[in-house]
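Me: I have a structure open and would like to learn how to read its features. Can we go through a few of them in turn?

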Amino acid sequence: KGNFNVYWAIGVILGLWFLFVHAPLYLSSRGEPVSAWLWAHLVGAGGLYLVCMWNTFHTPSHGPKYRAAHVWLGRVAMVLSALGFATGAYISWRPGSAVPLSLGIGLTIGGTAQICTTVGGLWAIRGYKAQIAKEARLAATAEHADDVLLDPPTFCFGRVPLSKEFYLRMHVGCMFGLFLPACGTPAAMRLGALIGLDILIALGVFVFVLIVFGARAEGVVLDKKRF
């Protein structure tokens, strides 16, 4: 049981190719030791990529064990996200960096998207839990609990009501955004380079496709579909 769908599967295939085929071959071809900074980046970014594969497949609705794993892996992912972004930025932009400018720009764009979706997903799930707790408190104290359930309370952002359904949809959307276009940015650029595209052109083309896939994946997961 899991959230299997074609968009998730494409993301997993791309990620596994990048982490376990392309990256080892690339690192071995450099002919120099892997620095501590690069190892730290690989642990952070690679670990986050793998957590995203698991956490977008198994979610809390699949049972208590999956819920516990999802929550704890999500906490680990926040640390990995910060580690991957900070070390990647340092490697790309430190004085004397050997990283080409176009690659550094692409990685920074992907890293920024990674941090934004990580923070957005955290904010959304905290809002979702707060809404559930608020509804439970009101239901416990209201004279007519049915009234509360029929007209659930919402937080507001300006004049826009934010329901728990909004928070859940935002969380799922941020997590697929983190998994597919954000974590997938380096893989997309390398895949484009293999077929002869400029790195920044590959970034634009493949990341746009992954953004579309992420948006579709959010819908199919919430609607319990495969495509």
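Reply: Start with one residue in this predicted model. Trp8 has a relative accessible area of 13%, under the 20% cut-off, so Trp8 is buried.

Me: Is Phe4 buried or partly exposed?
Reply: Phe4 is partly exposed, because its relative accessibility is 40%.

Me: How is a pair of aromatic rings described?
Reply: By the distance of the centres and the angle of the planes. The structure holds nine aromatic pairs. One of them joins Phe4 and Trp8: the centres are 6.0 Å apart and the planes stand at 70°, an edge-to-face pair. With Phe57, these two residues form one aromatic cluster.

Me: What angle do the planes of Trp17 and Phe18 make?
Reply: Their planes are at 50° and the ring centres 6.5 Å apart, so this pair is tilted. Trp17 counts as partly exposed at 22% relative accessibility, while Phe18 counts as buried at 14%.

Me: How are two packed helices described?
Reply: By the angle between their axes and the distance between the axes. Helix 4 (residues 101–141) and helix 7 (residues 185–194) pack at about 145°, with axes 9 Å apart. The contact has four nonpolar, three polar and one charged residues. Among them, Leu103 and Gly106 belong to helix 4, and Met189 and Arg190 to helix 7.

Me: What covers the buried residues of helix 3?
Reply: The cover includes helix 2, helix 4 and helix 6. Among the buried residues are His70, Leu80 and Ile91.

Me: Where does pLDDT stay under 50?
Reply: Over residues 147–153. The protein chain averages 90.

Key: Residues are numbered from 1 along each chain as its sequence is written. This is a predicted model: local features need pLDDT of at least 70, side-chain atom pairs count only at pLDDT 80 or more; totals for chains, interfaces and linings use all residues. Side-chain values use heavy atoms; hydrogens and water are left out. pLDDT is the predictor's confidence in each residue, from 0 to 100. Contact means heavy atoms within 4.5 Å. Axes are lines fitted to C-alpha atoms, for helices over the stretch in contact, and angles run from 0 to 180 degrees between N-to-C directions. Helices (H or I, at least four residues) and strands (E, at least two) are DSSP runs, numbered from the N terminus. Ala, Val, Leu, Ile, Met, Phe, Trp, Tyr, Cys and Pro count as nonpolar, Asp, Glu, Lys and Arg as charged, and the others, Gly among them, as polar. Buried means under 20% relative accessible area, exposed over 50%, partly exposed in between (1.4 Å probe, protein chains only). Rings of Phe, Tyr and Trp (its six-membered ring) pair if their centres lie within 6.5 Å; planes under 30 degrees apart count as stacked, over 60 as edge-to-face and the rest as tilted.
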